[in-house]
Amino acid sequence: MVLVLCVKNKLEEKITFKIIGKDLEDNEVKKDLVIQNDGKECFLEIPKGIYTYEVILSNKETFKKGEYKFDDDITVTIKKEN
């Protein structure tokens, strides 16, 4: 029960995308990706579940954070809000 999670960075600087969650056996899953501006990176085998995510800018400021249920392969695009 794993999925592919890809993250596209449409901001003008590199970002760090962090996720924290639990797998079906209640083991903690912590992963992070560094994504260059206009780049795309993927986690290839993430257990399905509910994760807390955080997008951190290169100056260490939090751009966005929240919770998301990942239950299928998905590509998340990080961009400025209009």
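Author: Before we look at single residues, note that buried means under 20% relative accessible area, exposed means over 50%, and partly exposed lies in between, with a 1.4 Å probe and protein chains only. This is a predicted model, in which local features need pLDDT of at least 70 and side-chain atom pairs count only at pLDDT 80 or more, while totals for chains, interfaces and linings use all residues. Residues are numbered from 1 along each chain as its sequence is written, and side-chain values use heavy atoms, with hydrogens and water left out.

Reader: Which residues does a disulfide join here?

Author: A disulfide is a pair of cysteine sulfur atoms within 2.5 Å, and in this structure C6 is joined to C42 with an S to S distance of 1.9 Å. The link of C6 and C42 is right-handed, with 105 degrees about the S-S bond.

Reader: Is C42 buried or partly exposed?

Author: C42 counts as partly exposed at 29% relative accessibility, whereas C6 is buried, with a relative accessible area of 7%.

Reader: How is a pair of aromatic rings described?

Author: The description uses the distance of the centres and the angle of the planes. Rings of Phe, Tyr and Trp (its six-membered ring) pair if their centres lie within 6.5 Å, and planes under 30 degrees apart count as stacked, over 60 as edge-to-face and the rest as tilted. The whole structure holds three aromatic pairs, and one of them is the stacked pair of F17 and Y53, at 6.2 Å centre to centre and 15 degrees between the planes. Both F17 and Y53 are buried.
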